[in-house]
Amino acid sequence: MSSRRSPRRSPPLADHDLSRTFARARLAGSTLDAARALIGARLARDDRAGRIVEVEAYIGTDDQASHARFGRTARNAVMFGPPGIAYVYLVYGMYDCLNVVTEPEGRPAALLIRAIEPVSGEAAMRHARLEAAVRRGHTEGPAGIAAVARRIEAIPSARLASGPGLAAIAFGLSRADTGLDLLDPRSPIRLEPAPAEAATPPIATSARIGIAYAPEPWRSVAWRFFDPTSAAVSGR
DNA sequence: GCAAAGATTTGCT
DNA sequence: GCAAATCTTTGCC
């Protein structure tokens with residue numbers, strides 16, 4: 001590039017709207033506070049966006065349901081790092097799940113994104129869902145890919161990302177995305193605050209899902225947070 | 001080095 | 001309503 005070009009202090013952020021940057025401070029403190037802050041916030045990719053409607057908190061090495069219960073390992077290392085970073089893991093050998101790291105560096109904690117209500121880019125989400133079905137060999141039956149494509153077209157919008165595995169598929173996320181800074185406006189996947197005009201959503205709580213293996217009190221603690229008015233909440 | 005289990009989803013009985 | 005699918009991570013011998 002020519003040295004006569006006017007220098008840029010940072011990459012193309014000149015027209016970036018700062019009101020669309022989620023505040024790292026909201027993730028750096030209590031994970032339970034951060035969980036409430038995430039309900040109604042947005043997850044955005046270039047061609048799609050959605051409203052987070054369900055999250056679960058996993059806090060510290062004492063939490064016997066958390067991946068951090070074994071201490072720091074190769075898999076969970078980012079949970080011990082700074083807040084706002086993506087932690088994507090493979091569950092049951094089949095599905096990737098997105099977490100947002102919380103709390104200061106050195107304290108392992110994260111919020112599992114369990115459900116997202118699509119706001120835009122539903123076609124991209126359906127396309128991602130079809131690609132996932134092809135990868136899993138679900139299109140090799142007698143019905144073929146056309147039948148699977150029709151079935152995916154028929155899925156209601158609110159069901160496109162209504163579970164942790166489905167949310168990752170809808171947004172095209174995989175373990176390779178672990179380490180991404182979700183609060184960097186230049187990141188391909190970003191966390192953004194709810195629009196100023198959006199109403200504050202109601203928030204309900206319950207025990208976390210799928211952790212029956214954990215001893216009490218971890219099994220029953222109400223660390224799942226969701227918007228009970230959303231049709232996109234998982235398990236309905 | 002091996003065995004067990006898992007922060008899920010889907011399809012069939 | 002139950003069980004299969006699928007493979008990485010972790011604990012233990």
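**Exercise 1. Count the salt bridges and follow one of them through the fold.**

The structure, a predicted model, holds 14 salt bridges. A salt bridge here is a side-chain nitrogen of Lys or Arg within 4 Å of a carboxyl oxygen of Asp or Glu. In this predicted model, local features need pLDDT of at least 70, side-chain atom pairs count only at pLDDT 80 or more, and totals for chains, interfaces and linings use all residues. Residues are numbered from 1 along each chain as its sequence is written, chains are lettered from A and ligands numbered from 1 in the order in which they are written, and side-chain values use heavy atoms, with hydrogens and water left out.

Step 1. Take aspartate 63 and arginine 208: their side chains form a salt bridge, 2.7 Å from N to O.

Step 2. Aspartate 63 sits in the loop between strand 2 (48–59) and strand 3 (86–91), and arginine 208 in the loop between strand 7 (204–206) and strand 8 (224–226). They are 145 residues apart. Strands (E, at least two residues) and helices (H or I, at least four) are DSSP runs, numbered from the N terminus.

Step 3. Check accessibility. Aspartate 63 and arginine 208 are both buried. Buried means under 20% relative accessible area, exposed over 50%, partly exposed in between (1.4 Å probe, protein chains only).

**Exercise 2. Which residue forms a salt bridge with arginine 175, and is arginine 175 buried or partly exposed?**

Step 1. The partner is aspartate 96, with the closest N and O atoms 3.3 Å apart.

Step 2. Arginine 175 lies in the loop between helix 5 (164–170) and strand 6 (190–192), and aspartate 96 in strand 4 (residues 95–101), so the bridge ties together parts 79 residues apart in sequence.

Step 3. Arginine 175 is partly exposed, at 46% relative accessibility. Aspartate 96 is buried, at 16%.

**Exercise 3. Describe the protein surface near DNA strand B.**

Step 1. A residue is near the strand if one of its heavy atoms lies within 4 Å of it. There are 21 residues around DNA strand B, and the closest are His67, Tyr89, Asn99, Gly165 and Tyr213.

Step 2. Helix 5 gives the most to this surface, with three residues.

Step 3. Pick out polar contacts (pairs of N or O atoms within 3.5 Å; within protein, one must be able to donate a hydrogen and the other to accept it, and residues adjacent in sequence count only if both atoms are side-chain atoms). A polar side-chain atom of tyrosine 89 is 2.9 Å from a base nitrogen of DNA strand B. A backbone N or O atom of proline 164 is 3.2 Å from a phosphate oxygen of DNA strand B.
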